Amino acid sequence: MIKLYQKFFTLIGYGSCRYYPTCSQYAKEQLLHNSFLKAIFYSFIRILRCNQLFAGGIDYPVVTKKFVSPLPLSLKQPCTHRITFWFVPKDMQSFYVVKSFKTTK
(Lines give C-alpha, C1' and ligand atoms only; values in the text may rest on other atoms or scores of the structure.)
Protein backbone atom coordinates (compact mmCIF):
# COMPACT_ATOMS: atom_id res chain seq x y z
CA MET A 1 0.00 0.00 0.00
CA ILE A 2 2.86 2.39 0.76
CA LYS A 3 4.48 1.78 -2.63
CA LEU A 4 1.13 2.47 -4.35
CA TYR A 5 0.74 5.69 -2.36
CA GLN A 6 4.31 6.79 -3.18
CA LYS A 7 3.90 6.03 -6.88
CA PHE A 8 0.49 7.58 -7.59
CA PHE A 9 -0.92 9.72 -4.79
CA THR A 10 2.14 11.79 -3.94
CA LEU A 11 1.94 13.34 -7.41
CA ILE A 12 -1.13 15.27 -6.26
CA GLY A 13 0.54 16.93 -3.26
CA TYR A 14 4.20 16.75 -4.30
CA GLY A 15 6.49 18.50 -1.81
CA SER A 16 3.84 18.89 0.87
CA CYS A 17 5.56 16.78 3.55
CA ARG A 18 7.27 18.93 6.17
CA TYR A 19 9.80 16.26 7.14
CA TYR A 20 12.70 14.42 5.61
CA PRO A 21 12.38 11.53 4.93
CA THR A 22 8.76 11.90 3.84
CA CYS A 23 6.06 10.39 6.03
CA SER A 24 5.47 7.52 3.61
CA GLN A 25 9.20 6.68 3.46
CA TYR A 26 9.35 6.96 7.26
CA ALA A 27 6.49 4.45 7.59
CA LYS A 28 8.15 2.14 5.07
CA GLU A 29 11.44 2.16 7.01
CA GLN A 30 9.61 1.65 10.31
CA LEU A 31 7.85 -1.41 8.89
CA LEU A 32 11.16 -2.80 7.63
CA HIS A 33 13.07 -2.41 10.89
CA ASN A 34 10.53 -2.52 13.75
CA SER A 35 7.69 -4.77 14.82
CA PHE A 36 4.35 -4.16 13.12
CA LEU A 37 2.59 -2.51 16.08
CA LYS A 38 5.57 -0.33 16.95
CA ALA A 39 5.92 0.74 13.31
CA ILE A 40 2.22 1.62 13.01
CA PHE A 41 2.33 3.60 16.27
CA TYR A 42 5.40 5.66 15.31
CA SER A 43 4.12 6.23 11.78
CA PHE A 44 0.76 7.42 13.11
CA ILE A 45 2.47 9.86 15.50
CA ARG A 46 4.64 11.14 12.64
CA ILE A 47 1.63 11.72 10.37
CA LEU A 48 -0.11 13.63 13.18
CA ARG A 49 2.95 15.92 13.47
CA CYS A 50 3.08 16.60 9.71
CA ASN A 51 1.11 19.86 9.67
CA GLN A 52 1.60 23.61 9.98
CA LEU A 53 1.74 23.54 13.79
CA PHE A 54 5.13 21.77 13.77
CA ALA A 55 8.30 23.07 12.19
CA GLY A 56 9.21 19.85 10.41
CA GLY A 57 12.81 19.13 9.47
CA ILE A 58 14.94 16.00 9.51
CA ASP A 59 13.39 13.16 11.50
CA TYR A 60 14.92 9.74 10.85
CA PRO A 61 13.23 6.61 12.22
CA VAL A 62 14.75 5.23 15.42
CA VAL A 63 15.08 1.46 15.82
CA THR A 64 16.39 -0.78 18.58
CA LYS A 65 18.78 -3.42 17.29
CA LYS A 66 21.40 -5.76 18.61
CA PHE A 67 24.16 -6.49 16.14
CA VAL A 68 26.34 -9.57 16.03
CA SER A 69 30.05 -9.21 15.39
CA PRO A 70 30.78 -8.41 11.74
CA LEU A 71 32.19 -10.93 9.32
CA PRO A 72 35.88 -10.60 8.49
CA LEU A 73 36.56 -8.53 5.39
CA SER A 74 38.35 -10.04 2.44
CA LEU A 75 39.99 -7.92 -0.21
CA LYS A 76 40.40 -10.87 -2.58
CA GLN A 77 36.76 -10.99 -3.67
CA PRO A 78 34.91 -7.88 -4.85
CA CYS A 79 31.95 -6.89 -2.75
CA THR A 80 28.66 -7.38 -4.61
CA HIS A 81 26.36 -6.17 -1.81
CA ARG A 82 24.81 -2.73 -1.90
CA ILE A 83 24.26 -0.84 1.31
CA THR A 84 20.65 0.31 1.45
CA PHE A 85 20.51 1.64 5.03
CA TRP A 86 23.00 3.01 7.53
CA PHE A 87 22.38 2.53 11.23
CA VAL A 88 23.72 5.66 12.95
CA PRO A 89 24.03 5.25 16.74
CA LYS A 90 21.70 7.35 18.89
CA ASP A 91 22.57 5.69 22.21
CA MET A 92 23.77 2.24 23.31
CA GLN A 93 20.91 0.25 21.72
CA SER A 94 19.02 2.74 19.54
CA PHE A 95 19.95 3.71 16.01
CA TYR A 96 18.75 6.19 13.41
CA VAL A 97 17.90 4.54 10.08
CA VAL A 98 19.43 6.62 7.27
CA LYS A 99 18.79 5.65 3.68
CA SER A 100 21.86 5.21 1.48
CA PHE A 101 21.64 6.88 -1.91
CA LYS A 102 22.79 4.99 -4.99
CA THR A 103 25.74 6.46 -6.83
CA THR A 104 26.29 6.05 -10.54
CA LYS A 105 29.69 5.43 -12.03
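Trainee: Is tyrosine 60 buried, partly exposed or exposed?

Mentor: First, a caveat: this is a predicted model, where local features need pLDDT of at least 70, side-chain atom pairs count only at pLDDT 80 or more, and totals for chains, interfaces and linings use all residues. Residues are numbered from 1 along each chain as its sequence is written, and side-chain values use heavy atoms, with hydrogens and water left out. Buried means under 20% relative accessible area and exposed over 50%, with partly exposed in between (1.4 Å probe, protein chains only). Tyrosine 60 comes in at 23%, so the label is partly exposed.

Trainee: How are the rings of tyrosine 20 and tyrosine 60 arranged?

Mentor: Rings of Phe, Tyr and Trp (its six-membered ring) pair if their centres lie within 6.5 Å; planes under 30 degrees apart are stacked, over 60 edge-to-face, and the rest tilted. By that rule there are three aromatic pairs. In this one the centres sit 6.1 Å apart and the planes meet at 85°, so the pair is edge-to-face.

Trainee: And what is the arrangement of phenylalanine 87 and phenylalanine 95?

Mentor: Phenylalanine 87 is partly exposed at 26%, while phenylalanine 95 is buried at 10%. Their ring centres are 6.5 Å apart with planes at 80°, so that pair is edge-to-face.

Trainee: Which residue does tyrosine 20 join through a cis peptide bond?

Mentor: Most peptide bonds are trans. Here omega is about -5°, and the cis bond links tyrosine 20 to proline 21.
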